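Thanks for coming, everyone. Please take a look at the structure on the screen, and I will walk you through its pockets, its core and one hairpin.

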Amino acid sequence: MSLHPTLQPYADAWTHSIEAISELVVPLVEADWNRRTPCPGWSVRDIVSHVIGLNNEMLGDPRPIHTLPRDLFHVTNDHQRYMEMQVDVRRHHTSPEMTSELEYMVIRRNRQLRNESRDPGAKVRGPLGAELTLEKSMRGHAFDMWVHEQDLRAALGSPGDLDSPGAQVARDVLLAALPAIVADKADAPRSSAIVFDVHGPIEFLRTIRVDIQGRGTLETAPALGPAATLSLDWETYVRLACGRVTPEAVADRVKAEGDPKLTAAILRNFTVTQ
């Protein structure tokens, strides 16, 4: 195995999620491919198209030459337009076409991962031509695959894998975004602490401390007398952070204590990715 040890957890998470996705969609009848998912604007077919297209780009395949229709109201910015290209080009593909392309991509990506010998800091091309490290790229792909696995599970009524290797990666990605959400977007008071108490298949207690300059840091130590505390289950945390639900829709699953304006601002700005 030539894969760098730092990258192995991301390869394992990707493999676990992509195998789960394959198991979910291979038996589907044609009508099931059109089911709506929690991902805004995307069906089961669209999710799988995105998974195929994004991984094909990791393999170095050229992007399709395709013009998007103008009536895709869920597409509002350049990043969404970039992601939609691989999706829209497959919108009329049949079930056998989708599953065969997915299977071929998985074979090629597994081979690529087995032969991957680059350093985690090696530069690779990302969406919209961005340059990022191989480690960041693989972490992002592992996170993306797990989130979309959960989208498919929700659409198909097949819950599971909330504590899988991909869930562990998702926890770390979402926690890394918390300081900016609390300190910058929600404008938490300086010299304050906000506690997040998450329970369920993935459990953690984390504190965001905002210093006198207004900078937020993530800490594992609990805070005495925090300005606010948010307690919720892991699945709700993920759904909120990934823009799958609004705070109002899951108000009964979130226990907010402390400054109500601050907790409302945090929840209003909680979305990390959509």
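**Pockets, core and a hairpin**

The second largest pocket holds about 260 Å³ of space. Its lining has 16 residues, and Gln 150, Asp 151, Ala 154, Glu 235 and Arg 239 are the closest to its centre.

Before I go on, some ground rules. This is a predicted model, where local features need pLDDT of at least 70, side-chain atom pairs count only at pLDDT 80 or more, and totals for chains, interfaces and linings use all residues. Residues are numbered from 1 along each chain as its sequence is written, and side-chain values use heavy atoms, with hydrogens and water left out.

What is a pocket here? On a 1 Å grid over the protein atoms alone, it is an open set of points where a 1.4 Å probe fits, with protein on both sides within 12 Å along at least five of seven lines; lining residues have an atom within 4 Å of a point. The volume is the space filled by probe spheres set on the points, which are joined across faces, edges and corners.

Back to that second largest pocket. H5 and helix H7 (234–241) each supply at least two lining residues. Helices here are DSSP runs of H or I, at least four residues, and strands are runs of E, at least two, numbered from the N terminus. H5 gives the largest share, five residues.

Now the largest pocket. It holds about 1,200 Å³. It has 41 lining residues, and Leu 54, His 79, Met 83, Pro 127 and Asp 144 lie nearest its centre. Which element gives the most to this lining? H5 does, with 10 residues. Helix H2 (44–58), helix H3 (78–88) and strand S1 (123–125) are also among those supplying at least two each.

Next, the largest nonpolar core. A nonpolar core is a set of buried Ala, Val, Leu, Ile, Met, Phe, Trp, Tyr and Cys residues joined through side-chain atoms within 4.5 Å. Buried means under 20% relative accessible area, with a 1.4 Å probe and protein chains only. This core has 76 residues, and Trp 234, Tyr 237 and Ile 266 touch the most other members. Helix H6 (residues 165–185) contributes the most, 11 residues.

Finally, the hairpin. Strands S4 (residues 204–210) and S5 (residues 216–219) run antiparallel, joined by four bridges. Strands pair if DSSP finds at least two bridges between them. Ile 208 has Leu 218 of S5 as its bridge partner. Five residues lie between the strands, and Gly 214 takes a positive phi near 85° in this hairpin.

Definitions and conventions:
Buried < 20%, exposed > 50% of the residue type's maximum accessible area, 1.4 Å probe, protein only.
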